[in-house]
Amino acid sequence: MRHRGGSYPVVIRPGANAELAALLVERHRDHRVVVVSDTTVAAAIPSPIDSAERLSFPAGERHKTRKSWAQLTDELIALRCGRDTVLVAMGGGVTTDLVGFVAATFLRGIPWIAVPTTTLAMVDAAVGGKTGVDTRLGKNLVGAVHHPSAVLVDPVLLATLPERHYREGLAEAVKHAAILDAGYGDWLLSNVAAIALRDVNVMAALVTRSLALKASVVSEDELELGRRAILNAGHTVAHALEQATNYVLAHGEAVGIGLVLETRCAESTGRCALGTADRIAAMLGSLSLPSEPPSGLDASAVITAMQTDKKNRAGVVRAALLSKFGATLRDDGKWTSPLDLDVLRSLL
Ligand SMILES: NC(=O)c1ccc[n+]([C@@H]2O[C@H](COP(=O)([O-])OP(=O)(O)OC[C@H]3O[C@@H](n4cnc5c(N)ncnc54)[C@H](O)[C@@H]3O)[C@@H](O)[C@H]2O)c1
Ligand SMILES: [Zn+2]
């Protein structure tokens, strides 16, 4: 993965976890290693480095907060960690976002390595350098761009992941196909059976394809001044759905539904090829993911939540929209377009 400050290796293969010790020696010789996971991952997956200290924080999006950031930071200070410390963020996207942000700010920045353990973190969160925490008013409102020094993806680690979390991450892979690569969408469909069985080789291929797509966008626009916004497809509505359901909907589930709803809005205003939303919904269905908002949803709460989205400009809610399956819409030179809230409300 290339970025402004250089580049870092992304190792994707079954059994890669066993290579962490060698990678640490290669990239951070003589560094003190602190492995950080949430409590669930700490119980499910043994530390890959015997000699490393291990810290944990309570599992769940509810704990991707400044409070967890402060606690982990205080623990590093109590351990008298210096700038010769490297953090290993071993866990899902909550862990890579939170620990990456701790690394970004501790002593003004120390290195970190991402070892994603959820589908979602493997195909998306661990790569790209975005780190941060949520606040009560919205997700990811405080953060930094701080790239890991390496990413190690071992699909074997998915074995202990609960089924629902295993599935939800696949929505980000559908997103990558929908915004950039229709052929990848066909590949996903022809591999649904192996994906459902968590075939480690198929999952390694899936992660490789998703991350190549993501990396091509990120390395061209690291600070999201332009085109990187397309990676937020589905997310304007998704973040609002997560908030309005008090995070009962998992992030990936919300992304799938958000992608369908945003695409329906684009179709209904003539900006996207008809049938695109149905195609995405069918793909989500074959991966056992929801494509419709849950019943009993408070539509006003969703609309209100969208008003604080980071992509808003001058009070207008904007979203990265598709022009067809596999391509994004460029609107007046911009990579996001206004989202028609009346149309959206009618779909909720
Ligand atoms: N930085 C980015 O570019 C980016 C991109 C996409 C998503 N994200 C963020 O990622 C977060 C969601 O990540 P997530 O879905 O991975 O959630 P998560 O980190 O909360 O993990 C989901 C659950 O699975 C458990 N778990 C993780 N790995 C396990 C394993 N191997 N075995 C057993 N249990 C395991 C966790 O304890 C947790 O309860 C969101 O906060 C989202 O904003 C960030
Ligand atoms: Zn996402």
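## Helix H7

Buried means under 20% relative accessible area, exposed means over 50%, and partly exposed covers the range in between, with a 1.4 Å probe and protein chains only. In this predicted model, local features need pLDDT of at least 70 and side-chain atom pairs count only at pLDDT 80 or more, whereas totals for chains, interfaces and linings use all residues. Residues are numbered from 1 along each chain as its sequence is written, chains are lettered from A and ligands numbered from 1 in the order in which they are written, and side-chain values use heavy atoms, with hydrogens and water left out.

Helices (DSSP runs of H or I, at least four residues) and strands (runs of E, at least two) are numbered from the N terminus. Helix H7 spans residues 170-180, and ten of its eleven residues are buried. The buried positions are Leu170, Ala171, Glu172, Ala173, Val174, Lys175, His176, Ala177, Ala178 and Ile179.

A residue is near a molecule if one of its heavy atoms lies within 4 Å of it. There are 28 residues around ligand 1, and Asp38, Glu61, Thr117, Thr118 and Thr160 come nearest. Nonpolar residues are Ala, Val, Leu, Ile, Met, Phe, Trp, Tyr, Cys and Pro; charged ones are Asp, Glu, Lys and Arg; the others, Gly among them, are polar. On this basis the shell holds nine nonpolar, nine polar and ten charged residues. Helix H2 (39-44), helix H4 (93-105), helix H5 (119-125), strand E9 (138-145) and helix H6 (163-168) each contribute at least two residues to the shell.

Polar contacts are pairs of N or O atoms within 3.5 Å; within protein, one atom must be able to donate a hydrogen and the other to accept it, and residues adjacent in sequence count only if both atoms are side-chain atoms. A nitrogen atom of ligand 1 lies 2.7 Å from an N or O atom in the side chain of Thr117. For Asp97, a polar side-chain atom is 2.8 Å from a nitrogen atom of the ligand. Lys130 takes part through its backbone, with a polar atom 3.0 Å from a nitrogen atom of ligand 1. On its own, ligand 1 has 860 Å² of accessible area, of which the protein covers 92%. Accessible areas come from the Shrake-Rupley method with a 1.4 Å probe, and for residues only the protein chains shown count as cover.

## Salt bridges

A salt bridge is a side-chain nitrogen of Lys or Arg within 4 Å of a carboxyl oxygen of Asp or Glu. The count by this rule is 21 salt bridges. In one of them, the side chains of Glu53 and Arg32 meet at 3.1 Å, N to O. Glu53 belongs to strand E5 (residues 53-57) and Arg32 to strand E4 (residues 32-38), so the pair ties together parts that are 21 residues apart in sequence. Glu53 is partly exposed at 28% relative accessible area, and Arg32 is likewise partly exposed at 27%.

Lys64 and Asp134 form a salt bridge with their closest N and O atoms 3.7 Å apart. This pair links distant parts of the chain, 70 residues apart: Lys64 is in the loop between E5 and helix H3 (66-78), and Asp134 is in strand E8 (residues 130-135). Lys64 is buried at 2% relative accessibility, and Asp134 is buried at 7%.

Lys130 forms a salt bridge with Glu224, in which the closest N and O atoms are 2.6 Å apart. These partners are 94 residues apart, with Lys130 in strand E8 and Glu224 in the loop between H10 and H11. Lys130 is partly exposed at 38% relative accessible area, as is Glu224 at 26%. Through shared partners, salt bridges join Glu61, Lys64, Asp97, Asp134, Lys139 and Glu242 into one network.

## Surface patch

Patches are made of residues with over 30% relative accessible area and no salt bridge; like charges are joined within 9 Å, and nonpolar side chains (Val, Leu, Ile, Met, Phe, Trp, Tyr) within 5 Å. Val145, Leu223 and Leu225 form a nonpolar surface patch with about 300 Å² of accessible area together. Leu223 lies in the loop between helix H10 (200-218) and helix H11 (235-244), and is partly exposed at 42% relative accessible area.

## Positive phi angles

Most residues other than glycine have a negative phi. Arg108, which is not a glycine, has a positive phi of about 60 degrees. Arg108 is found in the loop between H4 and strand E7 (112-116), and is exposed at 81% relative accessible area. Asn246 also has a positive phi, near 55 degrees. Asn246 lies in the loop between H11 and helix H12 (251-268), and counts as exposed at 61% relative accessibility.
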